[in-house]
Amino acid sequence: MVVLNVSEDIEAKIRRLRELGKASAEPDAPKVAKPPIKKPPKKPRSIGSIREREKRKKILTGAAIVIIVILVLSVGAYVYIQNRAAEKLAQAKNEKLAEVNQYFQGEIMNSTIGQQTKQQLINEINSAQSVDEVNAIDVAAAYQKAWQGYQAYLEEQRRLEYEMQLNQTKQEKIRQIELEFQPLLSMPLPDDLKKKVVDSMKSLEEQVAISTTIEQVDSITVAPYLLELWKDYYYYIIDTIPTQSVILEKGTTKKIVTKAEAKSILGGIRDYKELIQYKIYKVEFVDIALVLSRDRINGAFLAPGDKIMIFAKNSTSTLFQEIVDEGYVELVLLPTEAGAISVNEAQTQTSSSSTSSSTQYTEDHTTTYTPGDTSITNGQAISDVYSNTQTASQSASASYSYTVDLTEILKAIAAGKIQASEDVKEQLRNYGWEIVDLEKESGMLVLDPNTQFLVIVRVPSIFVPDILSNQQYIYIAKVAT
């Protein structure tokens, strides 16, 4: 503080000297001429006054020298002090700028807030005139304020981005809802059911519109709504079919069920995507003629009115597929192999006779001697056999055959060339079924398994394409009652 006061005093003196110099340099103002005044005659100076004058002159000269020295010293001190102050100010500015660079780095410098705040601090530091002004600049507070502003900016950006994602998610969800409802709306719905479907769709879209988070939007699902609405539509279709039974089709499987069974099957489904795989058809029976070998029509033991099922065998494997679960036999026509009666009659007579006689004669002699202790036996046996056999046989055979063509008989009846044609037709009618009836009764296979039969069956029309496309691999089974 002493140095500062001294420097201030020196500065004041220098200013006064400058003012005096300026005053001496200014020209004197012109004076108005005055009438000459007669000076009084000079008195002669005394020696004392001369000495006094010389003394004052020396004093003034010394004072001037002292003042000049003081001024030189003051100017040097001032310049030194000014240089020291400038160095301290520059050092303070550099330290403050280093503090600014230390704070303002990283992600905050990617924002306008960070860049502007840093530049503002640099400008304040560079424009400061004293160390106190530099020290008064609070970099930490400025950084904290800029950081809070930057975080608020980031939060706002995140909010805007989330809001944009939320709106995009809502739009996608609404499109998804309309897309999933479209198949149902494209069906021929009655007015009340159509209104129910539209109201459900609008309700889901309103739920999406008022959602405030993406999670809420994602949690909205159309599956429960569509499941019930599709069931209502299927029940409506079932109720509008006039028959007591309907055909349920799923993929390649078709099945005839009652209306109650159909509703029970569809009602047990818990996923509408599985539900819409079903199709419902009205049962309309048609007659179709099939030419099959008897081994593919249940041994040909079929009669009109029999309930049947039809299966198809895969052409490349042994797998069987049910293609008709309910059908009926309308007519079975015997094949051409059964249209001809072939009779083969044969007669054989055989006679034989055999005579046999046998005679046997046996003679046995034995003699024993005992001379002393030795026993000697001598025996002789004679046997004769006589036999006589005579055989005679005789055989005779005769055979003949004939064939009756039933086709020619039918033609003759149609042309009126046979008498008592009604009796003949009755006989033929009985003959036609007698063959298979006798097979069943006797347990004997008369006709060849490959014999072709013409079978007319009555089946729902929905099965006809499957029957025709698999005609070469069809098997008919009679439903046991």
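This is a predicted model: local features need pLDDT of at least 70, side-chain atom pairs count only at pLDDT 80 or more; totals for chains, interfaces and linings use all residues.
Biologist: Why are α6 and α8 called roughly antiparallel?

Modeller: Helix α6 (residues 191–209) and helix α8 (residues 223–240) pack at an angle of about 175 degrees. Angles over 145 degrees count as roughly antiparallel, so α6 is roughly antiparallel to α8. Their axes are 11 Å apart.

Biologist: Which residues make the contact of α6 with α8?

Modeller: From α6 come Leu 193, Lys 196, Val 197, Ser 200, Leu 204 and Gln 207. They meet Tyr 225, Leu 229, Asp 232 and Tyr 233 of α8. Sorted by class, this contact has 6 nonpolar, 2 polar and 2 charged residues.

Biologist: How do you know how α8 and α9 are oriented to each other?

Modeller: Helix α9 (residues 259–267) packs with α8 at an angle of about 170 degrees, and the axes are 10 Å apart. The cut-off for roughly antiparallel is again over 145 degrees, and α8 and α9 are therefore roughly antiparallel. On the α8 side the contact is made by Lys 231, Tyr 234, Tyr 235, Ile 238 and Asp 239. On the α9 side it is made by Lys 259, Ala 262, Lys 263, Leu 266 and Gly 267. The classes here are 5 nonpolar, 1 polar and 4 charged.

Biologist: Now the sheets. How do you know that β1 and β2 pair?

Modeller: Two strands pair if there are at least two bridges between them. Strand β1 (residues 245–250) and strand β2 (residues 253–258) are joined by 6 bridges, so they count as paired. They run antiparallel, and Lys 250 stands opposite Thr 253 in β2. In their hairpin, which has 2 residues between the strands, Gly 251 takes a positive phi near 70 degrees.

Biologist: What makes β2 and β3 edge strands?

Modeller: The open sheet of 3 strands has the order β2-β1-β3, with antiparallel pairing. Strands β2 and β3 (278–282) each pair on one side only. Neighbouring strands of this sheet are turned by 30 degrees against each other on average, direction ignored. Between β1 and β3 there are 5 bridges, and Leu 248 stands opposite Ile 280 in β3. Helix α9 lies across β1, β2 and β3, and runs at about 120 degrees to β2.

Biologist: Why are β4 and β10 said to stand at the edges of their sheet?

Modeller: This open sheet has 5 strands in the order β4-β9-β6-β5-β10, and the pairing is antiparallel. Strands β4 (285–293) and β10 (474–478) each have a single partner strand, so one side of each is left without a neighbour in the sheet. The twist averages 45 degrees from one strand to the next.

Biologist: How many bridges join β4 to β9, β6 to β9 and β5 to β6?

Modeller: Strand β4 pairs with strand β9 (residues 452–460) over 9 bridges, and there Val 286 stands opposite Val 459. Between β6 and β9 there are 5 bridges, with Ile 456 as the bridge partner of Leu 331. Strand β5 (residues 307–313) pairs with strand β6 (residues 320–333) over 6 bridges, and Lys 307 stands opposite Tyr 328.

Conventions
Residues are numbered from 1 along each chain as its sequence is written. Side-chain values use heavy atoms; hydrogens and water are left out. Axes are lines fitted to C-alpha atoms, for helices over the stretch in contact, and angles run from 0 to 180 degrees between N-to-C directions. Helices (H or I, at least four residues) and strands (E, at least two) are DSSP runs, numbered from the N terminus. Angles under 35 degrees count as roughly parallel, over 145 as roughly antiparallel, 65 to 115 as roughly perpendicular and the rest as oblique. Contact means heavy atoms within 4.5 Å. Ala, Val, Leu, Ile, Met, Phe, Trp, Tyr, Cys and Pro count as nonpolar, Asp, Glu, Lys and Arg as charged, and the others, Gly among them, as polar.
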